[in-house]
Amino acid sequence: QVQLVESGGDSVQAGGSLRLSCAASGYTYSIICVGWFRQAPEKEREGVAALYGGGLSRYYADSVKGRFTISRDNAKNTVYLQMNGLKPEDTAMYYCAASVPCRTSAAYAWRESLYNYWGQGTQVTVSS
């Protein structure tokens, strides 16, 4: 059973930065296909960033391209989401999700049904 634990959420001013972490445990091998999703109040959950293709390919939502970066540390089995230039519209609960075994790709990076493990979420609040 894979467990995912997110951390790093906080309240920041617009233009600030945060780094979210998603620590995986309970799986012998490195988690290689991971997605970050977010859900703002009264909005549907949306995909933000994803790792796939053996963990070498990255995919981003248009709204975060150039500001957010997804990366991984295999030794720690942790995936990060570096968020720079934060905007009030980035305010949301952020979730990481893993597809084990990997079934995601660029075409299906936001297909939530392909992610079979989810973390509990970490809150990001950006004030103007």
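This is a predicted model: local features need pLDDT of at least 70, side-chain atom pairs count only at pLDDT 80 or more; totals for chains, interfaces and linings use all residues.
Q: Why the alternating pattern?

A: Side chains in a regular strand alternate between the two faces of the sheet.

Q: Okay, and how does strand 2 pair with strand 11, parallel or antiparallel?

A: Strand 2, residues 11–13, pairs with strand 11 in the parallel sense, over three bridges. Val 12 stands opposite Val 126 there.

Q: What about strand 9 and strand 11, parallel or antiparallel?

A: Those two run antiparallel, and three bridges join them. Strand 9 covers residues 92–98, and its Ala 92 stands opposite Val 124 of strand 11.

Q: Switching topic: where does Asp 90 lie?

A: Asp 90 is in the loop between strand 8 (78–83) and strand 9.

Q: Is Asp 90 buried or exposed?

A: Buried, because its relative accessibility is 0%, and the cut-off for buried is under 20%.

Q: So what does Asp 90 touch?

A: Leaving out residues up to four places away in sequence, Asp 90 touches Arg 38, Arg 67, Phe 68, Gly 85, Val 124 and Val 126.

Q: Does Arg 38 count as buried or exposed?

A: Arg 38 counts as buried, because its relative accessibility is 6%. Its side chain meets that of Glu 46 in a salt bridge, 2.7 Å from N to O. Glu 46 is partly exposed, with a relative accessible area of 36%.

Q: Why would such side chains pair up?

A: Side chains of opposite charge can pair when their charged atoms come close.

Q: How many salt bridges does the structure hold?

A: Five. One of them joins the side chains of Arg 45 and Glu 112, at 2.8 Å from N to O. That pair links distant parts of the chain, 67 residues apart. Arg 45 sits in the loop between strand 4 and strand 5, and Glu 112 in the loop between strand 9 and strand 10 (117–118).

Q: Now the inside: how many residues are in the largest nonpolar core?

A: It has 31 residues, and Trp 36, Leu 81, Met 83 and Tyr 94 have the most contacts inside it. Strands that give two or more residues to this core include strand 3 (18–25), strand 7 (68–73) and strand 11.

Q: What does Tyr 94 touch?

A: Its contacts, not counting residues up to four places away in sequence, include Trp 36, Leu 81, Met 83, Arg 38 and Val 124.

Q: And which residues are in the second core?

A: That separate core has five residues, among them Phe 37, Ala 50, Ala 97 and Tyr 115.

Key. Residues are numbered from 1 along each chain as its sequence is written. Side-chain values use heavy atoms; hydrogens and water are left out. Two strands pair if DSSP finds at least two bridges between them. Helices (H or I, at least four residues) and strands (E, at least two) are DSSP runs, numbered from the N terminus. Buried means under 20% relative accessible area, exposed over 50%, partly exposed in between (1.4 Å probe, protein chains only). Contact means heavy atoms within 4.5 Å. A nonpolar core is a set of buried Ala, Val, Leu, Ile, Met, Phe, Trp, Tyr and Cys residues joined through side-chain atoms within 4.5 Å. A salt bridge is a side-chain nitrogen of Lys or Arg within 4 Å of a carboxyl oxygen of Asp or Glu.
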